[in-house]
Amino acid sequence: MAKSHKPVVWFPFAAGGTVIAFCIPVIVLLTFLAALGHVPAGLGYEKLHAFAGNGLGKLILFGVVALSLWSSAHRLRCTCFDFGLRADTLVATVLYLAAIIGSIASALFLLRI
Amino acid sequence: MSRRPLVREVPPTTWYFRHPRYLRYMSREITSIFIGAYCVLLVVGLQRLSAGPAAWEGFLAALRSPASVVFQFLCLVAAVYHAATWFNATQKAMPLQIGEDFVPGNVISGAHYAAWVVLSVVVLLLAGVF
């Protein structure tokens, strides 16, 4: 049977696309409100620190950030190709590495909270 | 007689100007740039949160810079556009069959929109926006 690494890339990509569609708009809205000077109560240090200090909160934040990073990396790879940047192996290596480093970094930051 | 396959020249950097459909495809592709950049902002935010109250207040203050306001507005537009096109595509990507019949496509997309609105309102409630 032919083996392909595609499912490994595709599963987090599809999961990330769904997470981005459902979660990212409302998260952007929250930080956008904060940017306009109306900081939502949930973005205050005490509240957010308590949420990220909780095991379930850590898992939710890590899931959203890591899956979104991976999905964005995969989409950016396709976008680069579509805009005529044909060095696909290089682009893929850089973007996937960035997504992996970003995911590990967020896990470390969350464990420190 | 030698076989001469048709080779159609496709300009690699300007092909999407050939058809409005390609432009709509590319407009969705571009949202990944904003969402990718926003993900980096999220990772930075987690780092600031883990560094203590002063660092977090500094992060919130940095969010208020004019460049950040513009960036986040563009991210909001990109995120909503990505979500809407993603939900519109679900009816094609995962058609649902019950018995002999397929569930109508707009029911599948509509259910996604409804779940999206409910989830967003719940998150806004939990975050104390209302």
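What is the handedness of the crossing of H1(B) and H3(B)? In this predicted model, the crossing of these two helices of chain B is left-handed.

Helix H1 of chain B spans residues 20-50 and helix H3 of chain B spans residues 66-93. Their axes lie 9 Å apart, and the two helices pack at an angle of about 125°. With that angle, H1(B) counts as oblique to H3(B). On the H1(B) side, the residues that meet H3(B) are Arg28(B), Thr31(B), Phe34(B), Ile35(B) and Tyr38(B). Their partners in H3(B) are Leu74(B), Cys75(B), Ala78(B), Ala79(B), Tyr81(B), His82(B) and Thr85(B). Sorted by class, the residues of this contact comprise eight nonpolar, three polar and one charged. The spacing along such a helix face has a simple background: an α-helix has 3.6 residues a turn, so residues three or four places apart point the same way.

Chain B as a whole holds four helices and two strands. Read from the N terminus, its elements follow the order α-α-α-β-β-α. The radius of gyration of chain B is 22 Å, well over the 14 Å that the globule rule gives for 130 residues, so chain B is more spread out than a compact globule. Along the principal axes, the C-alpha atoms of chain B fill a box of roughly 75 × 45 × 25 Å.

The contact between the chains takes 46 residues from chain A and 44 residues from chain B. On the chain B side, H1, H2 (53-63), H3 and H4 (105-126) each supply at least two residues. H1(B) gives the most to this side, with 15 residues. The side of chain B that touches chain A is made up of 31 nonpolar, ten polar and three charged residues.

Two helices of chain A that pack with H1(B) can be followed in turn. Helix H3 of chain A, residues 55-82, packs with H1(B) at an angle of about 145°, and their axes are 8 Å apart. This crossing is left-handed. Among the residues of H3(A) that take part are Leu61(A), Val65(A), Leu69(A), Arg75(A) and Asp82(A). They belong to a contact whose H1(B) side includes Met26(B), Glu29(B), Ile33(B), Gly36(B) and Leu46(B). By class, the contact of H3(A) with H1(B) has twelve nonpolar, five polar and three charged residues.

Helix H4 of chain A, residues 88-112, also packs with H1(B): the axes come within 8 Å and cross at roughly 25°. That angle makes H4(A) roughly parallel to H1(B). The crossing of H4(A) and H1(B) is left-handed. From H4(A), the contact draws on Gly102(A), Ala105(A), Ser106(A), Phe109(A), Leu110(A) and Arg112(A). From H1(B), Cys39(B), Val40(B), Val43(B), Leu46(B), Gln47(B) and Ser50(B) meet them. Seven nonpolar, four polar and one charged residue make up this contact.

Chain A also has a local feature to look for in its helix H1, residues 6-35. This helix bends by about 40° at Cys23(A), and a proline, Pro25(A), follows within four residues. After H1(A) comes Gly37(A), whose phi is positive, near 100°.

Methods: Residues numbered from 1 in each chain as written. Chains lettered and ligands numbered in written order. Predicted model: local features only at pLDDT ≥ 70, side-chain atom pairs only at ≥ 80, totals over all residues. Bend = angle between axes of the 7 residues up to and from the residue. Axes fitted to C-alpha atoms, helices over the stretch in contact; angles between N-to-C directions. Parallel < 35°, antiparallel > 145°, perpendicular 65-115°, else oblique. Left-handed = near helix turned anticlockwise from the far one by under 90°. Contact = placed C-beta atoms within 7 Å. Nonpolar A, V, L, I, M, F, W, Y, C, P; charged D, E, K, R; others polar. Rg over C-alpha atoms; globule rule 2.2 N^0.38 Å.
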